Amino acid sequence: MKKIIVPTDFSSCAGNAMNFAVQSAKILPAEVTLLHSFEVKGNVYADYMGVNREFNRSMLSDAQEKLDLLKKNIEQTEALTVDTVISTKSLNEAIEETVKDTNAHLVVMGTLGASGIKEKLWGSRTSAYIGNTDVPVMVVPNEYEWKKPQKILLATNHFEKDPAILDFLFELAGLYMAQVQVVVFSDETFDKARKFVERNNEIPLYEKFLKEEYNEKTIITSHICGEGFEKALQEFISENDIDILTMVTYQRNFWESIFHPSKTKRMSYHTNIPLLAIPIIKN
């Protein structure tokens with residue numbers, strides 16, 4: 001856990017995610033790279049007249065000044081190493097390029113939820129990046145106030161055993177010195193009784209596997225039920241004082257994304273605590 005990328009548009013939402021990344025970097029420890037993406041656009045006539053060139057030059061200069069100021073403030077107050085990157089590509093392309101160039105291990109992004117048009121716009125940009133990357137993404141709600149994580153919850157119905165997923169989760173939990181809990185969800189409306197029984201029987205076996213594989217004797221696994229995934233999960237999080245929710249993202253084709261939208265992306269709009277999305281890497 002050596003490199004953390006934080007995309008920023010200099011909003012309070014991005015600033016809150018940056019603070020989460022900075023405070024985490026002091027614990028892990030890690031270096032922070034602040035990334036601003038300004039996608040250059042124009043047309044032939046405006047480019048010929050110099051209008052777009054001057055506008056783009058002004059915007060990039062202003063962005064660099066803001067990044068330099070953030071870098072200076074963090075390095076002076078938090079004693080961290082901070083890098084800055086400005087990209088003229090789309091947000092997703094800029095993040096992917098920066099992740100590759102820096103060999104980053106984590107991307108931290110802010111979200112405003114889904115309460116209004118502005119919130120949906122920024123939330124959709126964060127949500128769009130989830131599931132389209134090979135790097136774990138930490139989504140930080142705008143209203144979340146930093147505190148050192150003590151409980152990390154893995155929500156899964158697939159009983160993950162992939163080391164690429166679990167190694168990252170347990171390494172992060174170890175660095176935070178946080179307890180890992182696991183929750184499996186059954187839908188009271190759509191899941192058949194057989195599916196409920198199968199999951200109920202598999203939970204203790206999965207707990208045993210995790211305890212033995214990662215030498216974690218304090219892992220707790222739970223089976224929750226309800227008529228809606230988001231609601232049941234939010235209630236569990238509130239009742240058990242969970243600090244970080246972890247979910248696994250799966251690459252989906254076009255039709256799958258329409259008829260079976262990602263639960264991880266949906267939760268990125270509704271979660272009140274940081275959401276860690278760990279991608280499945282397909283060979």
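Modeller: Two strands pair if DSSP finds at least two bridges between them. The structure discussed here is a predicted model.

Colleague: Why are strand S1 and strand S2 said to pair?

Modeller: The cut-off is at least two bridges. S1 (residues 3-7) and S2 (residues 31-37) are joined over five bridges, so they pair, and they do so in the parallel sense. Within this pairing, Ile5 stands opposite Thr33 in S2. The chain passes from S1 to S2 by way of helix H1 (residues 12-27), in a right-handed β-α-β crossover.

Colleague: What makes S1 and S4 a pair?

Modeller: S1 and S4 share two bridges in the parallel sense. The definition asks for at least two, and therefore these strands pair. Leu106 in S4 is the bridge partner of Ile4.

Colleague: How do you know that S6 and S7 pair, and in which sense do they run?

Modeller: Five bridges join strand S6 (residues 151-155) to strand S7 (residues 179-187), against a requirement of at least two, so the strands pair; they run parallel. Ile152 stands opposite Val180 in S7.

Colleague: Where do these strands stand in the sheet, and which strands are its edges?

Modeller: The sheet is open and has ten strands, in the order S3-S2-S1-S4-S5-S10-S9-S6-S7-S8, with mixed pairing. Strand S3 (82-87) and strand S8 (220-226) are the edge strands, as each pairs on one side only. Neighbouring strands are turned by 25 degrees against each other on average, direction ignored.

Colleague: Which helices lie across S6 and S7?

Modeller: Helix H6 (residues 163-176) lies across several strands, including S6 and S7, and runs at about 145 degrees to S10. Helix H7 (residues 193-214) lies across S6, S7 and S8, at about 160 degrees to S8.

Colleague: Why is S1 called mostly covered?

Modeller: A residue counts as buried under 20% relative accessible area. Four of the five residues of S1 are buried, and therefore the strand is described as mostly covered.

Notes
Residues are numbered from 1 along each chain as its sequence is written. This is a predicted model: local features need pLDDT of at least 70, side-chain atom pairs count only at pLDDT 80 or more; totals for chains, interfaces and linings use all residues. Side-chain values use heavy atoms; hydrogens and water are left out. Axes are lines fitted to C-alpha atoms, for helices over the stretch in contact, and angles run from 0 to 180 degrees between N-to-C directions. Contact means heavy atoms within 4.5 Å. Buried means under 20% relative accessible area, exposed over 50%, partly exposed in between (1.4 Å probe, protein chains only). A crossover is right-handed if, with the strands pointing away from the viewer, the path from the first strand over the helix to the second runs clockwise.
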